[in-house]
Amino acid sequence: MSILEVENLSVSFKQYTDGFKEINHKVISSLNVTLEAGKILAVVGASGSGKSLLAHAILGILPSNANVSGIIKYEGKELTPIRQTALRGKEIALVPQSVNFLDPLMRVGNQVRTSVKNGDAVSAQRKVFERYRLGKEVEDMYPFQLSGGMARRTLLSTAMVSDAKVIIADEPTPGLDPVVIKEALDNFREFADNGCAVMLITHDIESALQIADKIAVFYAGTTVEIAPVEDFVGNGEAIRHPYTKALWRALPQNEFRPIPGSQPHPSSLPPGCLFEPRCEMATAECRQAPPKMRELRDGMVRCIHAT
Amino acid sequence: MQLEAKDIGFRYGDGPWLFQGVNLTLEPGEIVGITGPSGRGKTTLCRILAGFEAPIEGAVHFNGAPLPNNGYHPVQMVLQHPEKAINPRWKMHKILNEGYQPDKELLDLLGIEREWLTRWPHELSGGELQRFCVARALGPNTRYLIADEMTTMLDANTQAQIWHAVIEIAKKREMGIIVVTHESNLMRRLCHRVIDFNK
């Protein structure tokens, strides 16, 4: 059952250059994703592919010069700015990247308690700290006294006590050691197993594969493929899009062989398929128009040549 | 041109010893990995080897003599977050040419496009910025490169691109590399030997 649907989302930023000259940078174009109850969707892509902007668009926290089009639906009804304000932090929770998102002047126990919407906040906070093996002394600490791993667990606790139905986790793992990563990932799996929908934003395919049910691959502001995790095996024969294949092959445990070039800048996107300039399979047809997202073998792909 | 850490120990202020009695010898052209949980002092050790920090005990020797205090430092370091390692108020060409003028060949090898040189740092992605940080660290007099989680924030393709370029240059120049990463697969792929910083 889908809880959150994003259809044809586009985001552009208005910028001024040379005084009053106005330009629009399109950073996300015709993007589609769906979050389902009990499932984890991993959103994978290079930095600058629009992963975090998608999260911010869902929560309605984009800066004021952003122009959003397309439809975001939550529980079947359109997610308007008014609903976004009402739901964020309650039914839709964000697990942000770093300790910088904690209030530096507030004891972390109190911060977690403000997220409790029903019942006794103090006991809920103590219970969740105990689960995440945060000692009793931690609730009275300030963020600067926490290690990176403890801060991460505090942020997770905040999402956990909020009774959220949708959790969006933005790059929760880089730079942590494997033990802490495993713990964080297991927590997301548990959220999902309790009936929540989880969106895990990451550039790291490996950690995504450990816990996700489906992987959505982003390239230059759009989804190029949505695939079940089972497809990521062997030499990547089951993978649909050439960019996803390239990512899979570039992993150090696979071939460690990169494709040349880099993602196009939003100000100079190619007219046809966004991946066409770097694609081995590209033909004249690819340059004509951006390909539509289509269904293929229990997944989705935005490529006319994919089989 | 050996890089040698002899019995080094370090602590911040009067705090507990972060580590003591660390010995490490790196030969030219050698690629050595350092692994271990966060907070054990891996980055601090790197900073000592690169001359950003002086050890409390022991010494670091380069080519049999103490590390130089002036001139171009033979040990260069690349950090995890490129956006924190560059001047946000400089354009990319100024950042790139601060230490020396990298040649066209190096820029091509690292996939740095000419068009990026006239841009501001905030207009480029993390992967694009990190290519500049690597180019900047690979001056002609760099003998050892320390890569402290150099590609942790990057996607798999960019990671492979940057490492292929760095390894090729290291081979050509007989440059030694220290690789700090939590990713065991990357470690296995790159390093000749691995030091566990857990002890």
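Me: How many salt bridges does the rule find across the interface of chain A and chain B?

Reply: Across that interface the rule finds zero salt bridges. The term requires a side-chain nitrogen of Lys or Arg within 4 Å of a carboxyl oxygen of Asp or Glu. This is a predicted model, in which local features need pLDDT of at least 70 and side-chain atom pairs count only at pLDDT 80 or more, while totals for chains, interfaces and linings use all residues. Residues are numbered from 1 along each chain as its sequence is written, chains are lettered from A and ligands numbered from 1 in the order in which they are written, and side-chain values use heavy atoms, with hydrogens and water left out.

Me: What makes up the contact between chain A and chain B?

Reply: Chain A contributes 29 residues and chain B contributes 29 residues, where contact means heavy atoms within 4.5 Å. The area buried between the two chains is about 2200 Å², with 52% given by carbon and sulfur atoms; buried area is the accessible area (1.4 Å probe) that two parts lose on being put together, summed over both. In chain A, the residues that lose the most area to chain B are A:H203, A:P252 and A:F256, together 27% of what that side buries.

Me: Which residue pairs in polar contact does the rule find across the interface of chain A and chain B, and how many?

Reply: The rule finds nine residue pairs in polar contact there, both residues being at pLDDT 80 or more. Such a contact is a pair of N or O atoms within 3.5 Å; within protein, one must be able to donate a hydrogen and the other to accept it, and residues adjacent in sequence count only if both atoms are side-chain atoms.

Me: Why is B:H61 called buried?

Reply: B:H61 has a relative accessible area of 16%. Buried means under 20% relative accessible area, exposed over 50%, and partly exposed in between (1.4 Å probe, protein chains only). B:H61 is therefore buried. A polar contact of 3.5 Å joins its side chain to that of B:K6.

Me: What makes A:E75 and A:K165 a salt bridge?

Reply: The closest N and O atoms of A:E75 and A:K165 are 3.2 Å apart, and the limit is 4 Å, so the pair qualifies. The pair ties together parts that are 90 residues apart in sequence, because A:E75 lies in the loop between strand 4 (66-74) and strand 5 (77-78) of chain A, and A:K165 in the loop between helix 5 (148-161) and strand 7 (166-170) of chain A. Helices (H or I, at least four residues) and strands (E, at least two) are DSSP runs, numbered from the N terminus.

Me: Are A:E75 and A:K165 buried or partly exposed?

Reply: A:E75 has a relative accessible area of 42%, so A:E75 is partly exposed. A:K165, at 34%, is therefore partly exposed.

Me: Why does B:E30 count as buried, and how does B:R193 count?

Reply: B:E30 counts as buried because its relative accessibility is 15%. B:R193, at 32%, counts as partly exposed. Their side chains meet in a salt bridge (2.8 Å, N to O). This pair links distant parts of the chain, 163 residues apart, with B:R193 in strand 9 (residues 193-196) of chain B.
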